Amino acid sequence: MVATPTSLELHRISRRFVERIPIHFARRHALIGLDTDQADIIEVFASDAAVQATVDNLGLTLACEVQLRVASDQEIQAAINQAYQQRQTDIEEVASTIAGPEAVDVENLEADGDLLDDATRAPVIKLVNLMLFDAVKRRASDLHVQAKEDGVVIRLRIDGVLFDYLETGGFMLEEIVSRIKVMGGMDIAEKRLPQDGRTTVRIGERIVDLRISTIPTAHGERAVLRLLDKSARLYELPELGIAEDVREKLAELIQRSHGMILITGPTGSGKSTTLYSALQQIDYQRLNVVTLEDPIEYHLPGISQTQVSARKGMTFAKGLRSLLRQDPDVIMVGEIRDVETARLAIQSSLTGHLVLSTLHTNDAPGAVARLLDLGIEPYLVADSLLAVGAQRLVRKVCRKCSSEAAPSPSELRDLRIRARDLLAYQRGAGCEACGQTGYFDRICITELIEVSQPVRQLIHQRAQASQIRELALQHGMRTLRQDGIRQIKAGLTTPAEVLRVTQLDYLASEWTAS
């Protein structure tokens, strides 16, 4: 029986179909199976009723009656991707199929293909594919393969925190690392020196860039993979959790014709995401906007983006010189790493360009000291800087398991606020949606210093960062911890999270919430 095209009910996708039919077969023939009210009958949707013979053969493979239905090819392919991404596989079961130490078959460790298509893969390939699939599914930013004296531990960094994911026998280390090296185009025979590699993998409709690093340790090689999901969407400034007054100030500064705006913070604090969000406020049809990045994390329509490649001699400094010959109005430099890049960025901001960049410092006032330490003259720093922001990412309370809790005396003491200023906050109990952590996703806390005339005078005097911070506080700046308390009051995060990421924000003790 053939039905008319219809929308697929994704919740009815047949587990039996997904487990027994390889994804490459389903894609090639545009087929997906849905359960019916009867356990021995599966509805198989196809884009063409002419595949009846293929569907009849599926009945033998699935050991049940198959009824043919028709849907659009686009609907079927989307359902296939979603079904195979949601497939549940026990990683420990896959790991156990690698029975013991054996030589890695390098010839069969192919580096390409869809990670969901692992039906005919070697066990080690299945294991690594499953690790990467689970890492993406759980929103991990990094995957660690760490050698121990008596085994191997696989760890995932989710929302900025490392969690143990899998522990297995030490004999698997060499196979796992070799597979990862093959994927990254690295030398599997070289085990005494650190190596770096890159690759791109496909998981259904999602494209994920991998930045791979290996290093020898006392118990064997250790590998770390940074995962960059290319399908991740761009965020608007309000979605980042930035306070309204800071957003308004950034929106005003981003419209300036020249000057430099810096965002500071440690690695993984969301600096680039904030800059991307700010760039979306610029009229790229009227202005020439160019970027220099390592790597290109998001693709912005209407903006020219350039990838830095140290191996090819394309450094930030060299790339910035080239960009200046492209008649830019706005330049985003992914990171200021050295004095040459810093000097070029500042000179660009003084010659009619708006420059946005990031810097690794603990807080906003520290950015000034960092530029001076790099050897930049105070008058250049003072004249070029429009504003310096600092930010951290705190984990958001899981909405599915959150409940009200009262702060403890120690939390109030550490936050330096009174009990009447924080009567209660939201705390997650832990559920399946958040992996029993009580947190899901992250949000920004920020501090922003606008470089006013008094601040410029301090920079000219080579004032210490603490003096700049004190002046900024007098003019209404919120510190990172103060902004974190704002997020706690909004029910978005917890005292424990704010205290975890603002350990250096000592001056919060001088402020109490109103």
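Reader: Leaving aside neighbours within four places in sequence, which residues is His 258 in contact with?

Author: Contact means heavy atoms within 4.5 Å. By that rule, and with neighbours within four places set aside, His 258 touches Ser 349, Gly 352, His 353, Leu 354 and Leu 386. Before we go on: this is a predicted model, where local features need pLDDT of at least 70 and side-chain atom pairs count only at pLDDT 80 or more, while totals for chains, interfaces and linings use all residues. Residues are numbered from 1 along each chain as its sequence is written, and side-chain values use heavy atoms, with hydrogens and water left out.

Reader: Where does His 258 lie?

Author: Look in the loop between α8 (244-253) and β10 (259-264). Helices (H or I, at least four residues) and strands (E, at least two) are DSSP runs, numbered from the N terminus.

Reader: Which side chain does His 258 join through a polar contact?

Author: A polar contact is a pair of N or O atoms within 3.5 Å; within protein, one must be able to donate a hydrogen and the other to accept it, and residues adjacent in sequence count only if both atoms are side-chain atoms. Here the side chains of His 258 and Ser 257 make one of 3.0 Å.

Reader: Why is His 258 called partly exposed?

Author: Buried means under 20% relative accessible area, exposed over 50%, and partly exposed in between (1.4 Å probe, protein chains only). His 258 gets its label because its relative accessible area is 43%.

Reader: How do I read the crossing of α12 and α16?

Author: Axes are lines fitted to C-alpha atoms, for helices over the stretch in contact, and angles run from 0 to 180 degrees between N-to-C directions. The axes of α12 (residues 364-373) and α16 (residues 465-474) come within 8 Å and cross at roughly 145 degrees. The contact is made by Pro 365, Gly 366 and Val 368 of α12 and Ala 465, Ile 468 and Arg 469 of α16.

Reader: And sheets? What is the strand order in the open sheet of three strands?

Author: Two strands pair if DSSP finds at least two bridges between them. The order is β1-β2-β3, with mixed pairing. The edge strands, each pairing on one side only, are β1 (31-35) and β3 (65-70). Strand β2 (residues 41-46) pairs with β3 in the parallel sense over six bridges, and Ile 41 has Glu 65 in β3 as its bridge partner. Helix α3 (residues 52-62) packs on the sheet, touching β1, β2 and β3.

Reader: How many bridges join β8 to β9?

Author: Ten, and strand β8 (residues 206-217) runs antiparallel to β9. A hairpin joins β8 to β9 through two residues, and Ile 212 has Leu 225 in β9 as its bridge partner. Strand β9 (residues 220-229) also pairs with β4 (residues 140-148), in the antiparallel sense over four bridges. There, His 144 stands opposite Val 224 in β9.
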